[in-house]
Structure formats: C-alpha cells, structure tokens
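Hi,

Here is the structure I promised to pass on. Have a look at it first, and then read my notes below.

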Amino acid sequence: MPRLLIVEDDDRIRLSLKLALEDEGYTVRDVGTAEEGLAEHKATPADLVLVDLMLPGMDGFDCIRALRRLGDVPIVVVSARDDTHDVVAALEAGADDYVVKPVAVKELSARLRALRRRASGSGENDQKVLRFGEIELRPEAGEVLLGEEQVHLTRTEFRLLCELAEQSGRVLSRQQLLDRVWGYEVYGDERLVDVHMGRLRRKVERDPANPTHLVTVRGLGYKLAP
Amino acid sequence: MRALGLRARITTVFALGALGLSASLAVATYELTRSSLLDERERAAVRGAYLDASFIRTGLGGADPDIVAALQNLDTGEVRRPLVRRDGQWFARSADNGLTTAIPDRLQALVDAGTPAVQRVPLRDSSALVVGVPLRAVGASYYEISPLTELERTLGVLASALGAVALATTVAGATVGWVVSRRVLRPLASVAGAAGSIASGDFTARVARDSDPDLDKLAVSFNRMVDEVSARSEADRRFAADVSHELRSPLQTLSAATSVLERRRQSLDDRTAAAVDLLTSEVARFESLVTDLLELAKSDRPAERRPTDVVALTRAFVANRQLPPGVLDATGEAAVLDVDPRRYEQVLANLVDNAARHGGGVVRIGLQVADDQLVLEVDDEGAGVPLDERDLVFDRFARGRASSMRGGSDGTGLGLALVTQHVQAHRGTVEVLDRPGGGARFRVVLPGEPA
C-alpha cells in the first residue's frame, strides 16, 4: 500500500483526511508541523506527501523546498488559500499539484493516483532512446541526459517531458498536458503546466530564458522541438 | 463644443493678456505720434498760408488786379495749393480739380465773416488741411489746401509696424503660457499617472515630492491618500483571506468525514443511511455555496486572459459531464480566443447546471467563435423564463419560480450571479431569451480583447 504523509496543523482536518484516505487504500502517517514531517520522511520515506501552507514554525513553502532537496517524492499542496501568488510560489518551491480546500476525497484521490503513475511507454523496448539536440531521454529507464551529464528530474517533470517527447514535435495544449500528466479530465489550472515547464527548462535548456527545445506555441501550448 | 482644457485656457489667458497690453500700447503710441505730427503740419500750413496771404493782399491792392497771375507768383512749394475767393468767384492757378468743393461751406462762412480758420477735410482718397485767411482790406478770402498724403502714408507704415509688434507679442504670450502651464501642470500630470496605476491595482505608485511648497502639498496629501487606501484594501484582502480560511477549513473536515460515512452506507440501518445521505448532500451544497460566495467576493479581480481553445475546452466539458456529444453545436472560423479559461468553464458549468435544475436539462450548447468574440448559447426545454423575471434571475439567491414551488433545490442560488460576474470581468454580456420551439436560451457574448 502506498505510504502517504500528511503535514497539516489542523487536528480535525488531519484526522478526517487520514480516515478518508485510509479508506482509499493508503497507509497514512500524519504530523502537525513541517519539522516533524521532514523527520518522519527522513526516517521512512513516503510515496506521497500532502502539505498545508500555513503551518506553525517552518511554513509550507520551506517544507516543500526541504522535501524537494531530499528527493522527488510527489507533493500535493492542500491549502485554503487560492491566491495566484500562493499557488505559483508553492509550485515554484517544488510542489507537483495544488488543490484548494475543501477538496472532495474522490478528487484528491484522483490527483494522488495521477501523480503515482509512471511515465507512459510501450514497454516493448527498455533501450528506447529519444534525442532532442543535446537532450537524451530514456523513458523506460527514467533517465535524462543533457550532453554527457545526467539530469535529475522529479517524477512529474519527467512525465511532462515524456508526454511532449512522445508527440515528436507536435504541439500539446495545456489542457491536454493537464489531462495526461496530472489527470485533469476537464478544466485544470494552467499555471501547473506553466510553472512545471519553467522548472523543466531550467534543468534541460542551456539558456532557459530562450528555450530551443521546450518551445511555447502561442495560443496553442507547448512542443518539444528537435 | 467641448470645454477647453486647463492648459489651453491658461495659454489663452496669457495670449489675451499679451494682446491687450500690446494693443493698448500700440494704439497709444499711434495716437500720440499722429497728433504731434498733425499739429506740426498744421502749424507749418498756417505759417505758410499767412505769409502767402500777405503777398496776395499786396497783389490785389490795385484796381482790377490779375488774381491768377498773383497766385502764380506765389512760392508755395510742391504741396500747398492757393485759392482766392472774391465776390463769390473762385480763383486758382490752374484747373479746379475739385479743390474748391473740398472746402466746407461753414469754413467759407467763417472766413467771409472775417475769422481765420483751419480744418482737416477729406480730399479725394486722402485728406487735406484747409487754411482760410480773410483779406477784408481787398474784399476777398484766401485759402490754402495742403494735402496730407505723405503724412498719412507715414502713419500707415507706423500702424502696420505697431500691429506686427502687437501680433508678435501675442504669439510670444501664448508660447510663454504654454510653457508655463506645462511647468504648472506637471504635478497634475504625475498625479494623473499615479492615479491610473493605482486604479489598475498597483498600490506602490506614488507621486514624487516637488521642490515648490505649494505643489508639494498636493503630492504629500495624494501619497497619504494612497497609503490609506492601500492599507484599507490590504486589510479587506486579509479579512477576505481569513474568512475564506475559516470557512474552508471546517468544510474540509466535514467533507472528508462524510465521505468516510458514505463509504459505509451499505452497513448502516435505513434511518442512519437516510441521515448520512442528508448530511452528504447538504455538506456538498454548503461546499458549493461557500465556494461560490468566495468567488463572488473576488468580483474586483480582472479576467486572467490567455489564448484558450474554447471549442476543445467545451468538448472536454461535454464529455466529462457525460452529455450526448451531439449537444455541442460549434461553428465559426476560429477556436482559440483570449479569455479566462477558468471563468469560461465556470460560466459553461453554471449555465448547464441551471438548465438541469430549472429547465429539464440542456438540449443544445451553441458555440460560435470568431477572431474577436465568442457567442455561447445554452438551451433547455423547460418552461422558459417569463419576461418580468429575465433581469431578476441574474440576482444573487434568485431562484426560478418553478423550483421554489417545488419546495427546494440543490442549487446555491448564486450560479447565474457568478455567470454575470465572470461575463462582466470580460466586459461581455449575458441575457436570457426564448428558445425557438420552447424553453429558455441563455446567450453569453465574450469579447476576446478588453473593450
């Protein structure tokens, strides 16, 4: 069973989410502060983390950054705040998804499932290699090389790159990417795509301000150009 | 006609002031010059006339004198024309040329009565001085006419010179006014600029302090006003955020806890299951009510426009709601438009929910996308909306008459108010019409660019 860590200072929310998500098949540990959460994750790494933004002591943004330094565990922000500023800051800090309270358990569960998915691939050939200029992508091995150097991507960044790579130069709209990577079937927050694309560019583009491979197509979406 | 701007008015006042000053100076100068020149000419004319008159008196001394010869012997220079009148008859050096008629009768009467006289009279195109000297000893009158053509030409030149100077002064006055007004109005321009930035949401805009104490007062009080407004707006924002947090947090607990209950519904007895159902549906309604209220509270936020494939978004919506694909009737030459996709999706969802709740379900979603706007129509086959309710349905907590008669609804009463807000954020329009064939048609027009 996937291990889920909840970092939430409101006891009642924490308990109700724990009960509801245990019903959904997760092994849940819950803590009230970011410090405890980090210690817990270091002791026994979780498969998924839910983080509230307003926490006593270390706040949610710092908690996300600290978790990101430890690894690429998928992080979902569950916050009562829906300001653009907070959403973008949390995503920039390294969160994979952002949901606003109150979120239905079914919806949250769908978000978590999507983030647990592995990169899509045919599975026929483990040695498949896709090349885009200096970027070398091995979807089955989960590896990305920029020139000779191995690049470390989070699971979500890697899946985003793979979805674009699979299209070999065709454009994917933000909503299509939200559907394929984050599992939003209807309308999803396009800021998720834009912030992740920015993070991805900083990792695989030589000049992230003037990307040559991860290109924005105005009015349409993104494509991965060879 | 539009009223003149402050700057134009200042410039006009400067120009009028300069014009008034220079014109009165010019008129005074002209008048002084003219009268002194005329006086001088008159004195010269009178002196000359008396001298000539004494010669003529001598010439007319004898019996039967030759008046014309006497006149011809006079040395009158180029300009003075001598005339003699004796016994009602005029004598001149040469043909009359209308000179005698230029001498007014009253002057003649005066001179005949023995009084010397001087008068300025019109002569042909110009004017002339007439000097009359009575020659009582010889029973005649002597007249000399001095045309003033030369003098008038001089005065004409003077007048044009003075006029040109007055004109130049006026233009200079207007220029000074324009320049000075720019200097004076600069603080107003910077206040206008700052006010514009603040109106568009930038509360960091301030007016630079001015070295002039009078203008500085404006800058200081404007900046203080902005400080207070932004503090108040920040307090409002924080309050809204706090309220939002305080409402959302317990709802999260309720929502998660009811989902635990719902999952175990099968193992509950009927009474408990019925209570759980009530709880679940009311928590869901409460959730959407709070979400809608918080969304309505954000009425001041602008639409976050971005190029959006509205046709694809609508198609995905139709598929997700499991509506028959044929319900979507998309036409038009474009699919991508600059709109706020989140707001568009909410408009669509609320209209479809409204049709389901009050109109027996949506039967058609018409979408027509052009380069500059989209027209969205959501049709149902319900009873339609009576004419007198068509404005009311967009009010907050307005419910359709039919639904209130049914005694309840799972709607929040905020759906159409939210539609209105999202549409207004796009500067678009929403209206309810009759659907051909019965039912209601909600038509939304969203312009692609801010109008």
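Let's start with A:Ile64. If you skip its neighbours within four places in sequence, A:Ile64 is in contact with A:Val51, A:Ile75, A:Ala90, A:Ala93, A:Gly94 and A:Ala95 (contact means that the C-beta atoms of two residues, placed from the backbone, lie within 7 Å).

Before going further, some housekeeping: this is a predicted model, where local features need pLDDT of at least 70 and side-chain atom pairs count only at pLDDT 80 or more, while totals for chains, interfaces and linings use all residues. Residues are numbered from 1 along each chain as its sequence is written, and chains are lettered from A and ligands numbered from 1 in the order in which they are written.

A:Ile64 is also among the residues with the most contacts inside the largest nonpolar core, which has 68 residues. A nonpolar core here is a set of buried Ala, Val, Leu, Ile, Met, Phe, Trp, Tyr and Cys residues joined through C-beta atoms within 7 Å. Buried means 20 or more other C-beta atoms within 10 Å of a residue's own, exposed means 12 or fewer, and partly exposed is in between. Helix 8 (residues 190-204) of chain A gives this core its largest share, 6 residues. A second, separate core has 34 residues, including B:Val310 and B:Phe317.

Next, helix 2 (residues 34-43) of chain A, whose buried residues are A:Ala34, A:Gly37, A:Leu38 and A:His41. These sit on the same side of the helix because they cover an arc of only 95 degrees around the axis (taken from the directions from the helix axis to the C-beta atoms). The face turned away from that buried side carries the exposed A:Ala39 and A:Ala43. Helices (H or I, at least four residues) and strands (E, at least two) are DSSP runs, numbered from the N terminus. The buried residues of helix 2 of chain A pack against strand 1 (3-7), strand 2 (27-31), strand 3 (48-51) and helix 3 (60-70) of chain A.

And how do the two chains meet? In total, 22 residues of chain A are in contact with 27 residues of chain B. On the chain A side, the largest share, 7 residues, comes from helix 1 (residues 11-23) of chain A.

Finally, chain B has 10 helices and 12 strands, and 28% of its 451 residues count as buried.

Cheers!
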